[in-house]
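Work through the exercises below with the model open. Try each task before reading its solution.

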Amino acid sequence: MTKGNDTTITAELYAYMLAHNPPLDPVQRELVETTYARFPDHAGMQSAEEQAPLLAFLVRLVGARHVVEVGTFTGFSALAMARALPADGTLIACDISEEWTAYGREAWEKAGVADRIDLRIAPALDTLRAMPAEPHIDFAYLDADKGGYIAYWEELVPRMRQGGVIAVDNVLFHGAVTDPEATGPAAAIQEFNDHVNADPRMDSVMLTVSDGLTLSRKK
Ligand SMILES: C[S@@+](CC[C@H](N)C(=O)[O-])C[C@H]1O[C@@H](n2cnc3c(N)ncnc32)[C@H](O)[C@@H]1O
């Protein structure tokens, strides 16, 4: 038997971890606060605070110039990734909500990265299918409706360049992925995780970051 995870993340430990990460800048902080104040029932959809520096780190690590985000909400993760892009980099942000993404547009303007973000308001599957078919995406972040994950994956994978990385959020789905009776989005995530595991085109690792994050690299 191998050693399991023996560190329980208490509130104190979580705060310690955040204090040892790059801090959110004032625009990011304001966006988090505005999202919680304006959309208290939906703010939990926002990527966790530690995911912002992690996504930025990964964008830099792969030297990304072409980034795609599936699921933008109020623009927190897009802001983190856009900031990490070179000046001529682009991020295509897919969402269906004008209302939620309007807050993102405002924050992106304030942060001076709006010119790098191409927001497409449409079902993400339509936006992905309209993209060039050849491999050109360096980094993608998948964080939208869970029932669509496999379809998004199947549109993204052929478009990823060799060595490009897809990061997928919520792969532990609040712990429900171990429930054999799971239905709805939890069952969709179970099916998705098995799909990723069996995909010979990609090398994948599942991490216990926040609600579970899979990182997958195109072979
Ligand atoms: C979990 S939130 C994204 C959070 C965001 N990444 C962040 O860190 O703030 C999921 C988003 O997916 C969007 N969404 C749901 N179904 C969609 C679809 N079919 N096409 C595109 N976006 C969709 C929702 O409008 C919502 O904004």
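The exercises start with the ligand site and then turn to single residues and a helix.

This is a predicted model, in which local features need pLDDT of at least 70, side-chain atom pairs count only at pLDDT 80 or more, and totals for chains, interfaces and linings use all residues. Residues are numbered from 1 along each chain as its sequence is written, and side-chain values use heavy atoms, with hydrogens and water left out.

**Exercise 1. The ligand shell**

Find the residues that come nearest to the ligand, and sort the shell by residue class.

Step 1. Collect the shell. A residue is near a molecule if one of its heavy atoms lies within 4 Å of it. There are 20 residues around the ligand.

Step 2. Sort by class. Ala, Val, Leu, Ile, Met, Phe, Trp, Tyr, Cys and Pro count as nonpolar; Asp, Glu, Lys and Arg count as charged; the others, Gly among them, count as polar. The shell then holds 11 nonpolar, five polar and four charged residues.

**Exercise 2. Polar atoms at the ligand**

Step 1. Take D95. A polar atom of its side chain is 2.6 Å from a ligand oxygen.

Step 2. Take D143. Here a polar side-chain atom is 2.8 Å from a ligand nitrogen.

Step 3. Take A124. This residue uses a backbone N or O atom, 2.9 Å from a nitrogen atom of the ligand.

Step 4. Check the cover. Alone, the ligand exposes 610 Å², and the protein buries 90% of that. Accessible areas come from the Shrake-Rupley method with a 1.4 Å probe; for residues, only the protein chains shown count as cover.

**Exercise 3. S47**

Locate S47 and list its side-chain partners.

Step 1. Find the segment. S47 lies in the loop between α2 (26-38) and α3 (51-61). Helices (H or I, at least four residues) and strands (E, at least two) are DSSP runs, numbered from the N terminus.

Step 2. Classify its exposure. Buried means under 20% relative accessible area, exposed over 50%, and partly exposed in between (1.4 Å probe, protein chains only). S47 has a relative accessible area of 6%, so it is buried.

Step 3. List the partners. A polar contact is a pair of N or O atoms within 3.5 Å; within protein, one must be able to donate a hydrogen and the other to accept it, and residues adjacent in sequence count only if both atoms are side-chain atoms. The S47 side chain makes such a contact with the side chain of Y141 at 2.8 Å. Another, of 3.4 Å, joins it to the side chain of D143.

**Exercise 4. Helix α4**

How many residues of α4 (residues 76-84) are buried, and which are they?

Step 1. Count. Eight of the nine residues are buried, and the helix is mostly covered.

Step 2. Name them. They are F76, S77, A78, L79, A80, M81, A82 and A84.

**Exercise 5. Positive phi**

Examine phi at H174 and S210.

Step 1. Recall the background. Most residues other than glycine have a negative phi.

Step 2. Read H174. Its phi is positive, near 55°. H174 is in the loop between β5 (160-169) and α8 (184-197). Its relative accessibility is 66%, so it counts as exposed.

Step 3. Read S210. Its phi is positive too, about 50°. S210 is in the loop between β6 (202-207) and β7 (213-218). At 40% relative accessibility, it counts as partly exposed.

**Exercise 6. Sequence against space**

What C-alpha distances separate D179 from G75, and V165 from L61?

Step 1. Take D179, in the loop between β5 and α8. D179 and G75 are 104 residues apart along the chain, with 32 Å between their C-alpha atoms.

Step 2. Take V165, in strand β5. V165 and L61 are 104 residues apart along the chain, with 9.9 Å between their C-alpha atoms.

Step 3. D179 is partly exposed at 34%, whereas V165 is buried at 11%.
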